[in-house]
Amino acid sequence: MTKTTTQTEKEMSLRLSELRNHIIDAIAQTMDLYGANYSFGKLYGIMFFEDKPMTLEDMKEYMNMSKSNMSYAIRSLLDSRMVTKLEEKKDRKDLYVAETDFFQTFRVFFTMKLQREIDVMLGAINKVLPELSEFVLSEDLSDEERQESLRDLNKLRHGVEYYTWLQQFVNSMLDNGFSNQK
């Protein structure tokens, strides 16, 4: 007995949905791996495969989440520039579309994460270095404490070298058009 065209189309549609869900889950896992919320990654994956802009209501249907959670998720994706809010609206509702260029998404996502790391670490190191440098010169230190302080100072100076290099890397990604301008 041969299958009807309708049955075959349904099977193919179901299989396509399964294949997409496999990638959506992988996107969500990857984002989770790098510190983004799994459900936000899942939402991005759903939007990635959507051929038309989506409203919060559309997303809510797909994700089975509250509208407030969807709003929070979309704000997070907007902040990371993985999703864009369109100028036009549908029935007075905002429309959103996912960035589908993986290379662009990677560049924006990681430059933002790396810049945050650089800002936090260099801020802390630059705050500590002057006092630690004075501490090393203090006459009240024992030789053991001075040696320990010098080791710390050397480690932090090495950290400055690393974060200076990392900043240059991020800047080169930004300067070469690897990331959207803010």
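**Figure 1. Lys85 and its salt-bridge partner in the predicted model.** Lys85 counts as partly exposed because its relative accessibility is 42%. The model shown here and in the other views is predicted. Lys85 pairs with Asp94 in a salt bridge whose closest N and O atoms lie 3.4 Å apart. Asp94 is also partly exposed, at 21% relative accessibility. Side chains of opposite charge can pair when their charged atoms come close.

Figure 2. Strand β1 covers residues 83-90 and strand β2 covers residues 93-98. The two strands pair in the antiparallel sense, over 5 bridges. Lys90 has Lys93, in β2, as its bridge partner. In a regular strand, side chains alternate between the two faces of the sheet. The hairpin has 2 residues between its strands, and Asp91 takes a positive phi near 50° there. Arg92 is placed in the loop between β1 and β2. The phi of Arg92 is positive too, at about 65°, although Arg92 is not a glycine. Most residues other than glycine have a negative phi. Arg92 is exposed, with a relative accessible area of 80%.

Figure 3. The side chains of Glu57 and Lys67 meet in a salt bridge, with 3.4 Å from N to O. This pair links distant parts of the chain, with Glu57 in helix α3 (residues 56-63) and Lys67 in helix α4 (residues 67-79), 10 residues apart. How exposed are the two partners, Glu57 and Lys67? Glu57 counts as partly exposed, at 28% relative accessibility. Lys67 is likewise partly exposed, at 42%.

**Figure 4. Asn64 in the loop between α3 and α4.** Asn64 is found in the loop that runs between helices α3 and α4. Phi of Asn64 is near 55°, which is a positive value in a residue other than glycine. Is Asn64 buried or exposed? Asn64 is exposed, because its relative accessible area is 74%, and the cut-off for exposed is over 50%.

**Figure 5. The salt bridge of Glu50 and Lys52.** Glu50 forms a salt bridge with Lys52, and their closest N and O atoms are 2.7 Å apart. Glu50 has a relative accessible area of 17% and is therefore buried, as buried means under 20%. Lys52 counts as partly exposed, with 47% relative accessibility.

**Figure 6. A patch of negative charge on the surface.** Which residues gather in the patch of negative charge? Glu144, Glu145, Glu148 and Asp152 gather there, on the surface. Asp152 lies in helix α6, which covers residues 143-175. Asp152 counts as partly exposed, because its relative accessibility is 34%.

Note on methods: Residues numbered from 1 in each chain as written. Predicted model: local features only at pLDDT ≥ 70, side-chain atom pairs only at ≥ 80, totals over all residues. Heavy atoms only, no water. Patch = residues over 30% accessible without salt bridge, like charges linked within 9 Å, V, L, I, M, F, W, Y side chains within 5 Å. Areas by Shrake-Rupley, 256 points an atom, 1.4 Å probe, with all protein chains shown as cover. Salt bridge = Lys/Arg side-chain N within 4 Å of Asp/Glu carboxyl O. Lys, Arg positive; Asp, Glu negative; His and termini not counted. Charge placed at Lys NZ, Arg CZ, Asp CG, Glu CD. Helix = DSSP H or I, 4+ residues; strand = E, 2+ residues; numbered from the N terminus. Buried < 20%, exposed > 50% of the residue type's maximum accessible area, 1.4 Å probe, protein only. Pairing = 2+ DSSP bridges.
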